[in-house]
Amino acid sequence: MEHSLELTRISKAFGKAGVLSEIDLTVEPGEFLSLVGPSGCGKSTLLRIIAGLERQDAGQVRIGGRPVDDLSPRARNIAMVFQNYALYPHMSAAENIALPLMVDRLSLPERLPLIRHLSLRRKRIEAAISSEIGKVAEALQIEPLLARKPGQLSGGQRQRVALARAMVRQPSLFLMDEPLSNLDAQLRVHMRDELTELHRRLGATFIYVTHDQIEAMTMSTRIAMLDGGRLAQIGSPADLYERPASLTVARFIGSPAINILPARVDPQGHVILGTLPTGLAAPEGMAGPVSLGLRPEHIRLHSSCDRAMPMATLRRSEHHGADRLLHLDLAEDRQTGLIVRIPQDETGHFQPGETYGIGFAPEKAHLFNSSGQRLGTRPLPARIGAAA
Amino acid sequence: MTTLALAPAIDRVPQRSRPVREWLAGTLFVVPATMLLLAIIIAPLLCLLILSMTDYEIGAMQIRWLGLGNFEKALSDPVFRRAMGNTLLYVALVLPGGVILGLLVALLVHGRTRSRAFYEVAYFLPVTATLIAMAAVWQFLLHPKLGPVNGLLKAAGFPEMGFISEPSLLIPTLAVIGLWNLIGFNMILFLAGLTAIPRDLYDAAEIDGAGGPIDRFLTVTWPQLAPTTMFVAVTTSITAFKVFDTVAVLTRGRDGSEVLLYAIYLEGFQYFKIGYSAALTVIFLAFMLAFSVFQAFQLDRRVHY
Ligand SMILES: Nc1ncnc2c1ncn2[C@@H]1O[C@H](COP(=O)(O)OP(=O)(O)OP(=O)(O)O)[C@@H](O)[C@H]1O
Ligand SMILES: [Mg+2]
C-alpha cells in the first residue's frame with residue numbers, strides 16, 4: 001500500500017511573496033518524514049501542495065512514481081489530518097469516518113437527502129462501510145465514541161476520530177499538519193507514541209509537519225528542515241543533531257538549544273575563543289569571525305584548573321530530574337549565556353556566583369562561518385583548553 | 001481571599017440568618033431589571049390586553065367591558081379572515097423566497113474576489129431605499145399600459161397582466177416587491193455566515209472526495225450555515241408578517257390585498273375603534289409568537305451540534 005513521494009524543484013509564491021523555492025525531496029515508501037522549521041517557513045504550504053489543495057507555481061509532485069499534478073486530492077489517494085481536526089461538527093464520529101467511503105462508493109444521487117432512499121443497493125453498501133468503520137474504530141479504540149458528535153469529544157478523542165477518517169480509505173500517503181499541537185503536554189506524549197505505533201502497524205508513508213523538534217526527533221525516520229522557503233537539511237534525527245548543516249538547523253534541533261559562541265579564526269587557521277585557542281582548526285584559507293556551536297551536554301566545567309581556559313560564572317542551577325542544567329555567563333563578555341547539561345549524579349560543587357573553566361572535546365564542536373554554513377573542523381594535535 | 005477577609009465582618013451582624021440575607025440581596029439585585037422590564041414591555045402589553053376587551057373608541061365618553069367579544073367578532077369577520085389568509089400567503093411566498101434567494105445571492109457574491117464589494121452594495125441598496133418611495137417606482141414599472149414590465153410581456157406575446165389591479169395577483173406582486181426589498185439584507189447575513197466557515201472544513205471535504213460543488217454545499221456549507229439560516233428565517237418571517245407600507249401605498253388594502261397590519265391600522269386609526277384594533281393586535285402577536293416559537297424549536301434540533 002505504501003508509496004514513495006518525489007518533489008522536484010517545487011516553487012510557490014503568494015502574490016509577490018515567495019514562500020517555497022526549488023524544493024527537492026524524495027521520501028521512500030514507508031518512511032516517517034518530519035517537516036520542521038520556524039513558523040511561516042512554508043511547511044503547511046508544502047503539505048497542501050502535496051495534498052493537491054494548493055497548486056505549485058513550478059515543479060513536479062510524484063506519488064508512487066506517477067506525476068499527480070493534475071489530479072484532485074481525492075484521486076491522489078492521500079489522507080490528511082489537520083491541526084484542528086476539521087471534523088464535520090454536525091455529523092457523529094461514525095458519520096465523519098464514513099464520509100470518504102460514502103463518497104467513494106455511492107453515486108451523487110444516492111447521497112442526496114430524500115432521493116437517496118430510492119436506491120436499492122445503498123443499504124448493502126452502507127452495511128459494508130459500517131463494518132469497515134468498526135474495524136478502524138477498534139484499532140484506534142474509539143468504538144464507544146462513534147455515536148457522539150465532535151463537540152462532545154475531548155481533544156485527544158477528536159484527534160483519534162480524525163485519524164480514523166484518514167485511515168479508513170487506506171491511503172498510500174498520510175499527511176499531517178501539526179496534529180498534536182492542540183493537545184496538552186501529557187496527551188501529546190501519549191499520542192506521539194500512538195502515532196509511531198500506528199505508522200509501524202500500517203507501514204504507510206507519513207509526512208508529518210511539526211514545529212516541535214522533540215516530536216520530530218522522536219518519531220521520524222528522517223527530518224527535513226525548511227528555512228525561508230528552502231530545504232535547509234534533510235537527514236536522520238541523529239544527522240541533524242550531530243552534523244547540523246547550518247546555524248539555523250543547529251539552533252532548531254536540540255533542547256535546550258545549542259550554545260553558540262562568537263569566535264574567530266586566526267591567520268594560522270586556529271579557532272580562537274576570546275583570547276584563547278580552542279584546540280580546533282578551521283579549513284584551509286579560512287579566517288575571520290566564526291560561530292562555535294557546543295551542545296549543552298558536551299561542555300565540561302572545571303572548578304580548579306590552572307590551564308588557560310575560557311571562564312564562566314554560574315548564574316543558577318536547575319533540577320530536571322535525571323539531569324541538571326547549569327546557566328552560566330561567559331566571563332569575557334557578560335552578554336553570552338551558556339547552558340551546560342550534567343547528569344544529576346555527577347559529583348562536584350556547583351555554587352551560583354562561582355567561576356568555572358570551560359572545556360570540551362574538539363570533535364564535538366560545530367563551526368559555522370559568518371553566513372551560518374557549517375565548516376569542517378580538524379582537531380589540533382596539541383589540545384589547549386580542552387579536557388579529554 | 002476577599003470572602004475570607006470579609007466573612008468575620010458580616011458574621012458580626014447578628015439578626016438575620018444567612019439564607020434570608022442572600023434572598024434579600026438577590027431580590028435587590030433583580031429589582032432594577034424587573035422594573036425596567038415591567039415598564040417597557042409588560043405594562044404596554046397588559047394595556048393592550050385590557051384595551052382589547054373593551055369597546056374603547058377615540059373620543060368616546062364612556063368605555064364598556066366586552067370580555068372576549070372583540071375576539072369573537074374578529075374571528076367571524078370575513079374581512080379579517082381574508083386579512084389573515086392573505087398575510088399567511090404573503091409569508092408563505094416571502095419566507096422561502098427570501099431565504100433561498102438570499103442564500104443563492106450570498107453564495108454567488110462570496111465567490112467573487114474583486115467585484116465582491118460592488119455586488120454587496122448593489123444588493124444592499126434596496127434595503128436602504130425607503131419602500132414607500134420605491135413603491136411609486138414599482139407602481140410605474142407595473143403599470144398596465146405605461147409600465148415596462150407589461151411592455152416586455154406584450155413584446156414576448158403574453159397577455160397584459162394587471163399586477164396591481166387583478167385581486168388574485170395582488171399578494172404575489174406585493175411578495176415580489178417585499179423580496180426585492182429583503183434579499184440584500186438576508187444576503188449580508190448569509191455572507192457573514194459564509195465568512196465564518198473554517199477553511200479547514202472545505203479542505204477536509206476536498207481530501208475526502210466531497211470537493212464537488214453539490215457535495216461541498218451539503219457536507220460543509222449548508223450545515224455550517226444552519227444557525228444563520230435559522231436567524232434569517234425568523235427575521236424574514238417577522239418582516240413578512242408585518243407587511244404594511246407597500247399595501248398602504250400601492251393598493252390601500254383594496255379587495256384581495258387585505259393584510260393583518262393594514263386591517264389593524266384601518267380599525268384603529270381610520271375608524272378609531274381602538275378596542276377592536278387592540279384585539280386584532282393581540283391576535284397578530286399571538287400568531288407571531290406561535291410562529292417564532294415553532295421555528296425556533298423545529299430548527300433548533302437541527303442547528304445544535
Ligand atoms: N493563501 C495564502 N495567501 C497568501 N499568503 C499565504 C497563504 N498561505 C500562506 N501564506 C504565507 O506563506 C507563508 C508560509 O505559510 P505556511 O502556512 O506554509 O507556514 P508554516 O510553515 O506552516 O507556518 P506555521 O508553523 O506557523 O504553521 C507565510 O508567510 C504565509 O503568510
Ligand atoms: Mg502551518
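Biologist: Is A:H327 buried or exposed?

Modeller: Happy to start there, and please keep in mind that this is a predicted model. A:H327 belongs to strand 17 (residues 323–330) of chain A. A residue counts as buried when its relative accessible area is under 20%. The relative accessible area of A:H327 is 10%, so A:H327 is buried.

Biologist: Leaving aside its neighbours within four places in sequence, which residues is A:H327 in contact with?

Modeller: Here we look for heavy atoms within 4.5 Å. With the neighbours within four places in sequence left aside, the contacts of A:H327 are A:T313, A:L314, A:R315, A:R316, A:E318, A:L338 and A:I339.

Biologist: Let's turn to another histidine. Which side chain makes a polar contact with the side chain of A:H366?

Modeller: A:H366 sits in strand 20 (residues 366–368) of chain A. With a relative accessible area of 4%, A:H366 is buried. Leaving aside neighbours within four places in sequence, A:H366 is in contact with several residues, including A:Y241, A:E242, A:R295 and A:R374. The polar contact between side chains, at 3.1 Å, is with A:R374.

Biologist: Now for the ligand. Which helix gives the most to the shell around ligand 1?

Modeller: Among the residues surrounding ligand 1 are A:F14, A:V19, A:K43, A:S44, A:T45 and A:E178. By class, this shell has three nonpolar, five polar and two charged residues. The element of chain A that gives the most, with three residues, is helix 1 (residues 43–51).

Biologist: How much of ligand 1 does the protein bury?

Modeller: Let's begin with the atoms that approach it. An oxygen atom of ligand 1 lies 2.8 Å from a polar backbone atom of A:G40, and a backbone N or O atom of A:C41 is 3.2 Å from a ligand oxygen atom. A polar side-chain atom of A:T45 is 2.5 Å from an oxygen atom of ligand 1. Taken alone, ligand 1 exposes 630 Å², and the share of that buried by the protein is 58%.

Biologist: Finally, which three residues supply more than any other three of the area that chain A buries against chain B?

Modeller: Across this interface, 26 residues of chain A are in contact with 20 residues of chain B. The two chains bury about 1,900 Å² between them, with 64% of it on carbon and sulfur atoms. Of the area that chain A buries against chain B, 26% comes from A:Y88, A:P89 and A:H90.

Methods
Residues are numbered from 1 along each chain as its sequence is written. Chains are lettered from A and ligands numbered from 1 in the order in which they are written. This is a predicted model: local features need pLDDT of at least 70, side-chain atom pairs count only at pLDDT 80 or more; totals for chains, interfaces and linings use all residues. Side-chain values use heavy atoms; hydrogens and water are left out. A residue is near a molecule or strand if one of its heavy atoms lies within 4 Å of it. A polar contact is a pair of N or O atoms within 3.5 Å; within protein, one must be able to donate a hydrogen and the other to accept it, and residues adjacent in sequence count only if both atoms are side-chain atoms. Accessible areas come from the Shrake-Rupley method with a 1.4 Å probe; for residues, only the protein chains shown count as cover. Helices (H or I, at least four residues) and strands (E, at least two) are DSSP runs, numbered from the N terminus. Ala, Val, Leu, Ile, Met, Phe, Trp, Tyr, Cys and Pro count as nonpolar, Asp, Glu, Lys and Arg as charged, and the others, Gly among them, as polar. Buried means under 20% relative accessible area, exposed over 50%, partly exposed in between (1.4 Å probe, protein chains only). Buried area is the accessible area (1.4 Å probe) that two parts lose on being put together, summed over both.
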